[in-house]
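User: I am new to this structure and would like a short tour of it. Could we go through it topic by topic?

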Amino acid sequence: MKTVFGISEARSIVKQWKKEGDTVGFVPTMGFLHEGHGSLIKKARENDKVVVSIFVNPLQFGENEDFGRYPRDFEKDCLFCETYGADLVFHPDVSEMYMPDFCTFVDMTGLTQNLCGASRPGHFRGVCTVVAKLFNIINPDRAYFGEKDAQQLAVIRQMVQDLSMDIEIVACPIVREPDGLAKSSRNSYLNDEERKAALVLSRALKYAENMVKEGTKNSAEVISAIKRIIESEPLAHIDYVKAVDGLTMKDLEIIGPQTLIAAAVYIGKTRLIDNFTVK
Ligand code: AMP
């Protein structure tokens, strides 16, 4: 496995692979890798070569968010990537990605206005800009994203379609801890008490999933059941609970196939997200 820091080095390695006829799968991450990322890397091995990027992107963090203290462990991440069978880790510096005169952004309207886009203004502008740059650098055949970040996945699909990018976007299911908590690099912020409290999020969504399975179609009813369960946990503070169309991210009154039920909750100071899609 190779590790590179420069854009031109990464680009020339991938170019050489492609010249030899290899297909390239790409897994963009912010590092501090866990089995959620691991599942994406494993799936990407359906390509001849796998590239993982590790880059904590300042552009997608708001001013009062956790960019500075976001967990980082590059050496451990490299071992992790090697174990999962990656061929190249691309780990650029902020200065490599954003020159001092950087001034071009990918700004999406519509489906970035709801859910995390509403709570984190500018977040998806940062995500789209960095992913577009990474796509231009790596030029993969396929790129792998987790359903854990369901809105991000929809936003990336829309960007690829709108900007005619020749990349197949592959969705991978949410990987959870044995007790149900969705794996996340941010789980490392939680102390023991918060870790227990954090379970309320997956528990509330599981309850809602059963309600929908048993025939409840009214979004308001499902949303209030989720809120009630979350509000029973004193350490939890709801950012949002929503039922939206899985493609457009527009609020829905009636739940149907492909409805996304998504929630963002603060456990203490840590903001966690989770969701499920109605089958
Ligand atoms: P991040 O490093 O948090 O930016 O995540 C990088 C990629 O891994 C994104 O496509 C995420 O959706 C995906 N991911 C993160 N956590 C999980 C998880 N628990 N299950 C599946 N995919 C995940």
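User: Which residues form one aromatic cluster?

Analyst: The cluster is made up of Phe55, Tyr98, Phe102 and Phe105. Please note that this is a predicted model, in which local features need pLDDT of at least 70, side-chain atom pairs count only at pLDDT 80 or more, and totals for chains, interfaces and linings use all residues. Residues are numbered from 1 along each chain as its sequence is written, and side-chain values use heavy atoms, with hydrogens and water left out.

User: How many aromatic pairs does a search of the whole structure find?

Analyst: The search finds nine aromatic pairs. Rings of Phe, Tyr and Trp (its six-membered ring) pair if their centres lie within 6.5 Å; planes under 30 degrees apart are stacked, those over 60 are edge-to-face, and the rest are tilted. Among the pairs is that of Phe102 and Phe105, which is edge-to-face, with 5.5 Å centre to centre and 85 degrees between the planes.

User: Phe61 and Tyr70 form a pair too, so what is its geometry?

Analyst: The pair is edge-to-face, at 5.8 Å centre to centre and 75 degrees between the planes.

User: Are Phe61 and Tyr70 buried or exposed?

Analyst: Phe61 and Tyr70 are both buried. Buried means under 20% relative accessible area, exposed means over 50%, and partly exposed lies in between (1.4 Å probe, protein chains only). Phe102, at 24%, is partly exposed, and Phe105 is partly exposed at 33%.

User: Which charged end sits over the ring of Phe105?

Analyst: That of Arg125, 3.9 Å from the ring centre. A charge sits over a ring if NZ of Lys or CZ of Arg is within 6 Å of the ring centre and within 35 degrees of the ring normal. Arg72 is placed likewise over the ring of Phe67, 5.1 Å from its centre.

User: Changing topic: which residues come nearest to the ligand?

Analyst: Met30, His37, Asp149, Val175 and Lys183 come nearest, out of 17 residues around the ligand. A residue counts as near if one of its heavy atoms lies within 4 Å.

User: What lies 2.8 Å from an oxygen atom of the ligand?

Analyst: An N or O atom in the side chain of His37 does; a polar contact is a pair of N or O atoms within 3.5 Å. The backbone takes part as well: a nitrogen atom of the ligand lies 2.9 Å from a backbone N or O atom of Val175, and a polar backbone atom of Lys183 is 2.8 Å from a ligand nitrogen.

User: How much of the ligand does the protein bury?

Analyst: The protein buries 93% of the 480 Å² that the ligand exposes when taken alone. Those areas come from the Shrake-Rupley method with a 1.4 Å probe.

User: Which element gives the most to the shell around the ligand?

Analyst: α2 does, with three residues. β2 (24-29), α2 (35-44) and β5 (142-146) each supply at least two. Helices (H or I, at least four residues) and strands (E, at least two) are DSSP runs, numbered from the N terminus.

User: Where is Phe32?

Analyst: Phe32 is in the loop between β2 and α2. Although Phe32 is not a glycine, its phi is positive, about 50 degrees.

User: And where does Met249 lie?

Analyst: Met249 lies in the loop between β7 (236-245) and β8 (259-267). Its phi is also positive, near 65 degrees, and at 2% relative accessibility Met249 is buried.

Key: A polar contact is a pair of N or O atoms within 3.5 Å; within protein, one must be able to donate a hydrogen and the other to accept it, and residues adjacent in sequence count only if both atoms are side-chain atoms.
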